[in-house]
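The sequence and the structure come first, and the notes follow by topic.

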Amino acid sequence: MTCTRYDEEYVQVKGALRKAKFEAPHKSTMESLTGILQDEGPKHSLGGKLDRLREKLAIGNEAEAILKTCGIVPGSNKAPEPDAVKKVAAMKFLRHLYMLKESGAQKVWLYTSPKAYARYTWDEIAAAATSTTGLGTRLNQTEEVFSDTVKTRLADATREGAVWVAKTLILLAKAKSKKAAAKAMVDRWFAPAEADYLDAVDKLTRGFKAIKSTLNENNVVITDHPPDRTNPAKDLTEAYVYGSVRPRAIYIEKALMKNYDVSVLHDMKKNWARTIVHECTHLDAATDDAGGYAWGGIKPGTKVTAANAIKNADNWAFFAADCAGVLTDGERTRAMMGTGGDLTVHPSNWT
């Protein structure tokens, strides 16, 4: 089966792990990980064992260790058995799966396959399985698409997004009572008719409660889509999700790594947090992008209708940022009216 999404690869690996028998040198480590992939996402209690696997693989020849553990003799002229190849693919998948820093109840999962791969790991390993030499070559590709710095920043941005959401829910509780400042915030980003105001507040509250659960319990993995790495049509894509599949993933793409002039937020930590919240609204609040993106302006009544604003992901994301008090006056105006910027790339700015 060709994998076209992360969830498809996840299911293949989960199935291979649950019936796999492993051998030395990493038999016990792999056997302790056979149940890590649950239906809704990776099992948090086993996250530390992934680090232990990487530590062990870093000692000696990694490719040979994986082959031996999966019952394949390195350098053999015999084509590997299909079940052994599946074990190799599963082990390679786990080698690049991370549970990043925890903050309270929050756990950030990230999957970052080798930078040289143009397909999902499952497919890369299957394509190389005509010989142990071919498998070894693919297994020796270890440089990941997300660097250590990017991993840390994605974890930080996810935690930042969770803080925004918590503060948004506090404001929405006040908005339901029509406290003046809170109501003004809802009106600023959504401008509901007076008759629709409480329905809008209820919709926002339900959505942000679901997002809070997602970001804190984190049954969503941050990853990327390997075929997009060399696809010029995706050069300006920041991120996206598939909303109806399990397990869920947020796909981070090339444009998020750039500080384009056209962007509203040139503080990239804010922009990455905004992106995480934006994508979670798709997953948890059934938002869409019909109202457009903030670089083009999302002021309700001027740039987007109120009917579209209440279901537009960037309106939700910038509303959360505003509720958290992180937007400057200039950023707020740029989001409302559009930036008028171009694709000039500014230096990275991470605060």
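Asp322 and Arg332 form a salt bridge, with N and O 3.0 Å apart; a salt bridge here is a side-chain nitrogen of Lys or Arg within 4 Å of a carboxyl oxygen of Asp or Glu. This pair links distant parts of the chain, with Asp322 in helix α13 and Arg332 in helix α14 (residues 329-337), 10 residues apart. The model is predicted, so local features need pLDDT of at least 70 and side-chain atom pairs count only at pLDDT 80 or more, while totals for chains, interfaces and linings use all residues. Residues are numbered from 1 along each chain as its sequence is written, and side-chain values use heavy atoms, with hydrogens and water left out.

**Salt bridges**

- Both Asp322 and Arg332 are buried, where buried means under 20% relative accessible area, exposed over 50%, and partly exposed in between (1.4 Å probe, protein chains only).
- The whole structure holds 28 salt bridges.
- Asp187 and Lys183 are also joined by a salt bridge, at 3.0 Å from N to O.
- These two residues, Asp187 and Lys183, are 4 residues apart in helix α9 (residues 180-190), and therefore separated by about one helical turn.
- Asp187 is partly exposed, because its relative accessibility is 27%, whereas Lys183, at 18%, counts as buried.
- Between Lys115 and Glu143 there is a salt bridge whose closest N and O atoms are 4.0 Å apart.
- That pair links distant parts of the chain: Lys115 is in the loop between β2 (106-111) and α6 (121-127), and Glu143 is in the loop between α7 (132-139) and α8, 28 residues apart.
- Glu143 has a relative accessible area of 56%, so Glu143 is exposed.
- A network of salt bridges links Glu62, Arg95, Glu144, Asp148 and Lys151.

**Pockets**

- A pocket is found on a 1 Å grid over the protein atoms alone, as an open set of points where a 1.4 Å probe fits, with protein on both sides within 12 Å along at least five of seven lines; lining residues have an atom within 4 Å of a point.
- The largest pocket contains about 560 Å³ of space, a volume being the space filled by probe spheres set on the points.
- Its lining has 24 residues, and Leu236, Glu238, Arg274, Tyr293 and Trp295 are the closest to the pocket's centre.
- Helix α11 gives the largest share of this lining, 6 residues.
- At least two residues of the lining come from each of β4 (239-241), α11 (268-285) and α13 (313-323).
- By type, the lining of the largest pocket has 13 nonpolar, 6 polar and 5 charged residues; nonpolar covers Ala, Val, Leu, Ile, Met, Phe, Trp, Tyr, Cys and Pro, charged covers Asp, Glu, Lys and Arg, and polar covers the others, Gly among them.
- The second largest pocket contains about 180 Å³.
- Residues lining the second largest pocket include Lys115, Asp224, Arg229 and Met257.
- The lining of the second largest pocket has 4 nonpolar, no polar and 5 charged residues.

**Helices**

- Helices (H or I, at least four residues) and strands (E, at least two) are DSSP runs, numbered from the N terminus.
- Helix α8 (residues 148-176) has 29 residues, which should span 42 Å at 1.5 Å a residue, and its end C-alpha atoms are 42 Å apart, in agreement; the expected span is 1.5 Å times one less than the number of residues.
- After α8 comes Lys178, whose phi is positive, near 60°.
- Lys209 lies in helix α10 (residues 197-217) and, at 54% relative accessibility, counts as exposed.
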